[in-house]
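Subject: Structure for your review

Dear colleague,

Please find the structure below, handed over for your use.

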Amino acid sequence: MSAASRGLISRLRSLTLSPKSTPLYTATTSRTATFTPTQLRFFSSETLIDDTHERSGVIELKQGVMKPNSRRTGLIAVKCGMSALWDKWGKRVPISVLWVDDNIVSQVKTPEKEGITALQIGCGHKKEKHLTKPEVGHFRAQGVPMKRKLKEFPVTGDALLPLGTSLGVRHFIPGQYVDVTGITRGKGFQGGMKRWGFKGMPASHGASLSHRSIGSTGQRDAPGKVFKGKKMPGRMGGKQRTVKNVWVYKIEPARNLIYVRGQVPGATGNFVFIKDAVYKKTDASLLPFPTYLAPEDEDPATVEPLIADLGDVDPFMAAD
């Protein structure tokens with residue numbers, strides 16, 4: 001008998017003597033071997049689900065109540081550029097316009113199958129000939145239309161949505177704060193003055209042809225080297241950045257537009273990802289949970305734009 005066979009027999013013998021085990025019946029023998037769920041994973045590639053684990057059934061699309069620890073999904077939008085609006089005090093407010101282009105739930109991830117609780121959101125439209133074969137296979141397996149951009153948003157179990165659910169701008173409300181993530185504008189290879197805001201060398205005497213130089217980088221004999229992470233010339237921009245606590249000023253359901261105060265990362269036409277703010281949270285009772293469900297008789301084209309309540313005090317006026 002080989003060493004591998006002897007090892008397998010000793011392993012089986014130790015498993016049959018372990019306490020708190022579950023009986024397992026085989027078709028080839030009348031004896032009963034007992035294994036714990038952890039030990040069964042040693043022989044099977046499938047992960048067993050404990051009886052005490054709450055299995056999630058069919059996901060229902062219904063309005064719920066958001067809890068303090070609940071996390072909703074986000075949306076994918078296209079940056080349409082900067083604009084300006086005038087408030088009721090006659091002040092010019094810089095505004096970024098974001099277009100939510102036909103967001104749907106393209107995949108639902110659950111702990112039983114993928115090990116996480118998340119929603120994959122698809123945005124826009126794209127022809128099949130412009131997608132790769134793995135992408136086409138993914139959309140066909142899920143039974144959803146071909147999408148131009150995909151993004152996964154972690155959510156809590158009570159915020160899951162059925163596959164194919166349409167998401168619009170009413171997912172957010174005017175006056176709330178959101179976090180916007182995008183890829184910043186790429187500016188190519190830049191020097192230290194533009195990339196890091198260095199002062200530069202003297203512009204009059206004693207700085208021949210080195211007015212925009214960054215100066216010494218390695219010090220003298222001690223330490224006599226350039227430390228890691230030193231701010232030096234290099235590639236600028238083109239990185240993922242998140243602007244936190246962006247204020248939603250206006251929502252236009254007829255055109256799926258969101259107006260937010262200030263700037264958001266990325267150039268015009270780039271995709272950005274919008275989600276509820278982490279730090280400046282909105283009252284959970286005001287947010288539609290898990291998303292906004294429009295009545296059957298509601299026509300989005302006829303809904304008037306929703307503007308945040310500015311109150312009696314100008315929010316854009318600096319405090320004295």
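In which loop does leucine 209 lie? Leucine 209 is found in the loop between α4 and β11. Before the details, please note that this is a predicted model, in which local features need pLDDT of at least 70 and side-chain atom pairs count only at pLDDT 80 or more, while totals for chains, interfaces and linings use all residues. Residues are numbered from 1 along each chain as its sequence is written, and side-chain values use heavy atoms, with hydrogens and water left out. Element names refer to DSSP runs numbered from the N terminus: helices are H or I of at least four residues, and strands are E of at least two.

Leucine 209 has a positive phi of about 60° although it is not a glycine. With a relative accessible area of 85%, leucine 209 is exposed; here buried means under 20% relative accessible area, exposed over 50%, and partly exposed in between, with a 1.4 Å probe and protein chains only. Glutamine 219 lies in the loop between α4 and β11, and its phi, near 60°, is likewise a positive value in a residue other than glycine. Glutamine 219 counts as partly exposed because its relative accessibility is 44%.

Proline 223 also belongs to the loop between α4 and β11. The peptide bond that leads from alanine 222 to proline 223 is cis, with omega near 5°. A cis peptide bond also joins phenylalanine 289 to proline 290, with omega near -5°; proline 290 is placed in the loop between β14 and β15 (306-307).

Lysine 231 is located in the loop between α4 (192-196) and β11 (234-236). Its relative accessibility is 43%, so lysine 231 counts as partly exposed. Not counting residues up to four places away in sequence, lysine 231 touches Trp196, Phe198 and Ile214, where contact means heavy atoms within 4.5 Å. Lysine 231 and phenylalanine 198 are 33 residues apart along the chain, and their C-alpha atoms are separated by 9.4 Å.

Strand pairing

Two strands are taken to pair if DSSP finds at least two bridges between them. An open sheet is formed by four strands in the order β7-β6-β5-β8, with antiparallel pairing. Its edge strands, β7 (149-154) and β8 (166-167), each pair on one side only. Six bridges join β6 (residues 118-123) to β7 in the antiparallel sense, and isoleucine 121 has lysine 151 in β7 as its bridge partner. Helix α3 (residues 133-142) lies across β5 (103-109), β6 and β7 and runs at about 85° to β5; axes are lines fitted to C-alpha atoms, for helices over the stretch in contact, and angles run from 0 to 180 degrees between N-to-C directions.

Elsewhere, β3 pairs with β4 (residues 92-99) in the antiparallel sense over eight bridges, and methionine 82 stands opposite serine 96 in β4. These two strands, β3 and β4, form a hairpin with five residues between them, and glycine 90 in the turn has a positive phi of about 80°. β4 also pairs with β13, antiparallel, over five bridges. The partners in β13 are tyrosine 259 for valine 97 and isoleucine 258 for leucine 98. β12 and β13 pair in the antiparallel sense over four bridges, and tyrosine 259 in β13 is the bridge partner of lysine 250. Four residues separate β12 from β13 in their hairpin, where asparagine 256 in the turn has a positive phi of about 55°. Of the five residues of β13, four are buried.

Nonpolar cores

A nonpolar core is a set of buried Ala, Val, Leu, Ile, Met, Phe, Trp, Tyr and Cys residues joined through side-chain atoms within 4.5 Å. The largest has 35 residues, of which Leu98, Leu119, Ile258 and Ile274 touch the most other members. Among the elements that give two or more residues to this core are β3 (75-86), β12 (240-252), β13 (257-261) and β14 (271-276). Apart from it lies another core of nine residues, including Ile95 and Leu310.

Charges over rings

Lysine 151 lies over the face of phenylalanine 273, at 4.9 Å from the ring centre. Arginine 170 has its charged end over the ring of tyrosine 292, 4.2 Å from its centre. The criterion is NZ of Lys or CZ of Arg within 6 Å of the ring centre and within 35 degrees of the ring normal.

Yours sincerely
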